[in-house]
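Please consult the sequence and structure shown here alongside it.

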Amino acid sequence: MSSRSIHERLMQLEREMAAAAEAMDFERATVLRNEMARIRGEEPVKEGDPDTVTVGQPPPGAMGLGTQVPVRQPPKGWVKPKKPDFMTKGKR
């Protein structure tokens, strides 16, 4: 399928999903959502699994905004440079 036909199919499925949700037919809307995810290459929710939101505890010490951002790790073999001594800077 061409990218244009894929895009048109996704738009059609999105309209059908919105209509199904408006008609309170959530089972049909879920099937359409999973079909859209399959076309996009995303992993859809498994059939039979309830749609749930899972909330977990943050790791110890993580609190506040931005804590969900992973910390970048230095490259392998990188050594932290020595901290400069400002008391002896410029003196011989």
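1. Methionine 17 is partly exposed, its relative accessible area being 23%; here buried means under 20% relative accessible area, exposed over 50%, and partly exposed in between (1.4 Å probe, protein chains only). Methionine 17 belongs to helix H1, which covers residues 3-22. Helices (H or I, at least four residues) and strands (E, at least two) are DSSP runs, numbered from the N terminus.

2. On the basis of the model: this is a predicted structure, in which local features need pLDDT of at least 70 and side-chain atom pairs count only at pLDDT 80 or more, while totals for chains, interfaces and linings use all residues. Residues are numbered from 1 along each chain as its sequence is written, and side-chain values use heavy atoms, with hydrogens and water left out.

3. On the chain overall: it has 2 helices and 0 strands. Of its 92 residues, 10% are buried. The chain exposes about 9000 Å², of which carbon and sulfur atoms supply 58%; such areas come from the Shrake-Rupley method with a 1.4 Å probe, and for residues only the protein chains shown count as cover.

4. Which residues does methionine 17 touch, not counting those up to four places away in sequence? They are Ala29, Leu32, Arg33 and Met36, where contact means heavy atoms within 4.5 Å. The C-alpha atoms of methionine 17 and leucine 32 are separated by 5.8 Å, although the two residues are 15 residues apart along the chain.

5. On the packing of the helices: H1 and H2 pack at an angle of about 160°, and their axes are 8 Å apart. H1 is therefore roughly antiparallel to H2, since angles under 35 degrees count as roughly parallel, over 145 as roughly antiparallel, 65 to 115 as roughly perpendicular and the rest as oblique. Axes are lines fitted to C-alpha atoms, for helices over the stretch in contact, and angles run from 0 to 180 degrees between N-to-C directions.

6. On the residues between the helices: the H1 side includes Ile6, Leu10, Leu13, Glu16 and Met17, and these belong to a set that meets H2 residues, among them Phe26, Arg28, Ala29, Leu32 and Met36.

7. How many salt bridges does the structure hold? There are 3, a salt bridge being a side-chain nitrogen of Lys or Arg within 4 Å of a carboxyl oxygen of Asp or Glu. One of them joins glutamate 16 to arginine 28, with the closest N and O atoms 3.4 Å apart. This pair links distant parts of the chain, glutamate 16 being in helix H1 and arginine 28 in helix H2 (residues 26-40), 12 residues apart. Glutamate 16 is partly exposed at 28% relative accessibility, and arginine 28 is partly exposed at 40%.

8. Arginine 4 is exposed, with a relative accessible area of 63%, whereas glutamate 8 is partly exposed at 45%.

9. Arginine 38 forms a salt bridge with glutamate 35, the closest N and O atoms being 2.7 Å apart. The two residues are 3 residues apart in helix H2 and so are separated by about one helical turn. Arginine 38 counts as exposed at 52% relative accessibility, while glutamate 35 is partly exposed, with a relative accessible area of 24%.
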